[in-house]
Amino acid sequence: MHDHDQKAPLSAVAVTSKGTSAQQAGPYVLSAAEKEAVLFPQLQERLAFHYAHCPEYARILDAFGVKLEKLTSISELPFLPVALFKRLKLCSVPDSDVFKVLRSSGTSGQMPSQVFLDRTNALQQQKTLVQIVTSFLQQPRLPMLIIDTPTVIQDRKSFSARGAGILGFSLFGADRTYALKEDMSLDHEAIDGFLQRHAGQRILVFGFTFVLWQYLCEGLRHEKQSLDLSGAVVFHGGGWKRLVGTGVNRERLYTALAEMCHISPQNIHDYYGMSEQTGTIAVECEYGHLHCCDLSQIIVRNPLTLKECAVGESGVIQTISLLPSSYPGNSILTDDVGVILGCDDCPCGRKGKYFRVEGRLPQAELRGCSDTYQVPRS
């Protein structure tokens with residue numbers, strides 16, 4: 001094993017501030033000030049490791065004259081444009097230590113991002129995802145209906161982001177059942193059997209946003225049918241980019257899920273994440289706000305000046321995560337547009353910044369964790 005610092009990620013429970021309520025328990029206990037104090041030195045140390053072990057990363061920092069030891073805050077950390085993960089091999093461990101390669105993909109023909117994970121980093125991602133999701137589910141495992149086709153998961157070593165997302169959330173599922181056939185049509189036999197087996201139980205429904213709309217809601221509408229998923233808690237994400245130009249927004253999707261599947265909007269949780277920072281997803285609370293966990297942070301920057309935006313001011317999203325240890329993905333400038341809505345004062349009780357994603361930068365390359373499903377030509 002390569003000799004490098006692979007500390008276990010910070011446990012938020014260990015640094016809970018005084019007076020934390022039960023509602024705040026879990027991975028959202030650090031205030032913004034506490035997060036700055038706890039995360040910054042660890043992030044600075046992690047970036048120094050990548051500088052020493054990833055030549056491409058070192059050349060980038062040197063070219064911009066970045067001196068990691070002179071930085072004083074999270075907002076000063078250097079960031080990599082997300083597109084670099086498509087163009088460079090950014091890896092801080094030997095090839096022999098690479099356990100898994102995550103690949104994001106957008107429209108057909110585009111170059112995918114590549115994220116190189118060793119076993120320790122993959123385990124860190126998994127543990128953090130478990131902390132985040134179980135804080136919303138309130139129990140470790142639920143019967144799980146996956147709104148996708150099982151053919152998405154093929155090569156267990158080299159995943160698409162969509163396949164990796166399904167496998168990641170499968171940790172929280174029992175009796176995992178796929179709701180779509182290979183041609184993406186609804187598999188009513190599988191769905192009906194699943195619902196009969198778990199009648200009256202709370203269930204987990206997982207799918208990518210685009211797939212939920214196109215193949216569940218629109219599929220049911222086309223067939224003039226409905227489903228009783230009233231006992232479901234829904235997690236979805238990674239697919240809004242595929243719905244650009246369709247007129248489908250959060251309200252329209254949630255209304256369709258309520259009308260056709262009898263799911264309460266308060267039980268539907270969008271999440272914001274990317275293969276370049278798997279694990280530290282930001283999850284939508286019951287008030288419709290996306291929250292960073294205690295191991296991550298978000299900064300919104302003016303797309304022209306790159307200066308940090310104030311609360312309520314739209315800009316390009318920079319995502320920060322402590323988790324990446326086998327590749328230099330700790331600080332990434334995305335091509336997503338968002339706005340910080342507030343800090344430490346969301347009605348749900350979760351601490352830290354909360355935000356909303358508003359769309360894409362103009363002319364940004366269409367890519368996403370939902371992948372692309374091409375309808376076969378006849």
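With a relative accessibility of 5%, glutamine 277 counts as buried (buried means under 20% relative accessible area, exposed over 50%, and partly exposed in between, with a 1.4 Å probe and protein chains only). The model described here is predicted, so local features need pLDDT of at least 70, side-chain atom pairs count only at pLDDT 80 or more, and totals for chains, interfaces and linings use all residues. Residues are numbered from 1 along each chain as its sequence is written, and side-chain values use heavy atoms, with hydrogens and water left out.

Glutamine 277 sits in the loop between strand 9 (268–272) and strand 10 (282–284); helices (H or I, at least four residues) and strands (E, at least two) are DSSP runs numbered from the N terminus. Apart from neighbours within four places in sequence, glutamine 277 is in contact with Thr319, Ile320, Ser321, Tyr327, Gly329, Asn330, Ser331 and Ile332, where contact means heavy atoms within 4.5 Å. Between glutamine 277 and glutamine 125 there are 8.6 Å in space, C-alpha to C-alpha, and the two are 152 residues apart in sequence.

Another glutamine, at position 124, belongs to helix 4 (residues 119–137). Glutamine 124 is buried as well, its relative accessible area being 5%. Its side chain is joined to that of serine 325 by a polar contact of 3.4 Å. A polar contact is a pair of N or O atoms within 3.5 Å; within protein, one must be able to donate a hydrogen and the other to accept it, and residues adjacent in sequence count only if both atoms are side-chain atoms.

Helix packing comes next. Two packed helices are described by the angle between their axes and the distance between the axes. Helix 1 (residues 32–53) packs with helix 2 (residues 55–63) at an angle of about 110°, their axes being 5 Å apart; axes are lines fitted to C-alpha atoms, for helices over the stretch in contact, and angles run from 0 to 180 degrees between N-to-C directions. Helix 1 is therefore roughly perpendicular to helix 2 (angles under 35 degrees count as roughly parallel, over 145 as roughly antiparallel, 65 to 115 as roughly perpendicular and the rest as oblique). On the helix 1 side, the contact is made by Leu47, His50, Tyr51 and His53, and on the helix 2 side by Pro55, Tyr57, Ala58, Leu61 and Asp62. Not counting residues up to four places away in sequence, serine 31 touches Asp344, Lys351 and Gly352.

A second pair is formed by helix 7 (residues 209–223) and helix 8 (residues 250–261), packed at an angle of about 40° with axes 10 Å apart. These two helices are therefore oblique to each other. Thr209, Trp213, Leu216, Cys217, Leu220 and Arg221 of helix 7 meet Arg252, Leu253, Ala256, Leu257, Met260 and Cys261 of helix 8. The buried residues in helix 6 (residues 188–197) include His188, Ile191, Gly193 and Phe194.

Finally, alanine 310 lies in the loop between strand 12 (296–301) and strand 13 (315–321). Alanine 310 counts as partly exposed, at 44% relative accessibility. Its C-alpha atom is separated by 9.8 Å from that of glycine 342, 32 residues apart along the chain.
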